Amino acid sequence: MKIAVCDDDKYSLNETINLLKQYNQISKFELDVIGFNNGDDMIESLKKHGDCQIYILDIIMKEKNGIQIAEILRKLKYNGEIIFLTNSNAFAAESYNVGAFNYILKPLDKNKLFDILDTAIKKIEQKQSSFIVISTKSGLCKLPLDDIVYAEKFGRIIRYHCKNDVVIDSLTLKTNFKEANAILLQNNKFSLCGASFVINLECVTNIQGQTLTLYNKEKLTIPRNISTSFKSLWGKYWLNEV
């Protein structure tokens, strides 16, 4: 489990790394932790060595702040869970816009950090084991649920829009759209949106009227009669109420 920590305050950076070492000793997980004093160094390292499973980012830094770094991570298609560290809860909205897993107020509380790490790692393990199998013209395709941004009814097939701009088409539907997506809808992060969309709530960053904005800036228009209820469901999901 690779964890990157970015904080321009040397004392805070060392404190976080030391707590992660303590967590490593008492948990069943093997952690590979690396620290950075600024976001540019971290990004350059990722380009050479690949994505991490968890990013712990201080929000308030002199150069690029944690939100800006997170935006770059998402733009580069790095999908690790992001945990923000901050002295203020004023950045909650911005943290959701980059799909942050959680944020922790400083000074760090060890038990709070450990609880959040437990939950984040559990989520990562679930991601790695959760997938659907799609019948396509090229054969069977095993698709992780976390890769799916949304599925849409496209003529007589289902078109799966995935991260990294991947699009996968199913074979001709033999049942209705909702039944065909039953496995997706068993997962509470997916929601049926009208008769033609199943949307990953984690990939929605904003809702204005009938317009959904996704993490990659793509916009979808949903039916007027469900826009209010969908926005309510999306809010409850991020508040862990569904």
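Reply: One term before we start: two strands count as paired if DSSP finds at least two bridges between them. Also keep in mind that this is a predicted model.

Strand β1, residues 2-6, pairs with β2 in the parallel sense, over five bridges. To put names to one of those links, lysine 2 has aspartate 32 in β2 as its bridge partner.

Five strands make up an open sheet with parallel pairing, and their order is β2-β1-β3-β4-β5. The edges belong to β2 (32-36) and β5 (102-105); each has a single partner strand, so one side of each is left without a neighbour in the sheet. From one strand to the next, the twist averages 15°.

On to the helix itself. α1 covers residues 10-26, which is 17 residues. At 1.5 Å a residue it should span 24 Å, and its end C-alpha atoms are 25 Å apart, which agrees.

Which residues of α1 are buried? They are Ser12, Leu13, Thr16, Ile17, Leu19, Leu20 and Tyr23. Looking down the axis of α1, you'd find these buried residues within an arc of 160°, so they line one face of the helix. The spacing makes sense of that: an α-helix has 3.6 residues a turn, so residues three or four places apart point the same way. Turned away from the buried side of α1 is a face with the exposed residues Lys10, Tyr11, Lys21, Gln25 and Ile26.

So where does α1 sit relative to the sheet? It lies across β1, β2, β3 (54-58) and β4 (81-86), and it runs at about 175° to β2. Helix α2, residues 39-49, packs on the sheet too, where it touches β1, β2 and β3. The direction of α2 makes about 160° with that of β1.

To put the picture together: α1 has its buried residues along one face, carries exposed ones on the face turned away from them, and lies across four strands, β1, β2, β3 and β4.

How values were computed
Residues numbered from 1 in each chain as written. Predicted model: local features only at pLDDT ≥ 70, side-chain atom pairs only at ≥ 80, totals over all residues. Heavy atoms only, no water. Helix = DSSP H or I, 4+ residues; strand = E, 2+ residues; numbered from the N terminus. Expected span 1.5 Å × (residues − 1). Buried < 20%, exposed > 50% of the residue type's maximum accessible area, 1.4 Å probe, protein only. Arc of directions from axis to C-beta. Axes fitted to C-alpha atoms, helices over the stretch in contact; angles between N-to-C directions. Contact = heavy atoms within 4.5 Å.
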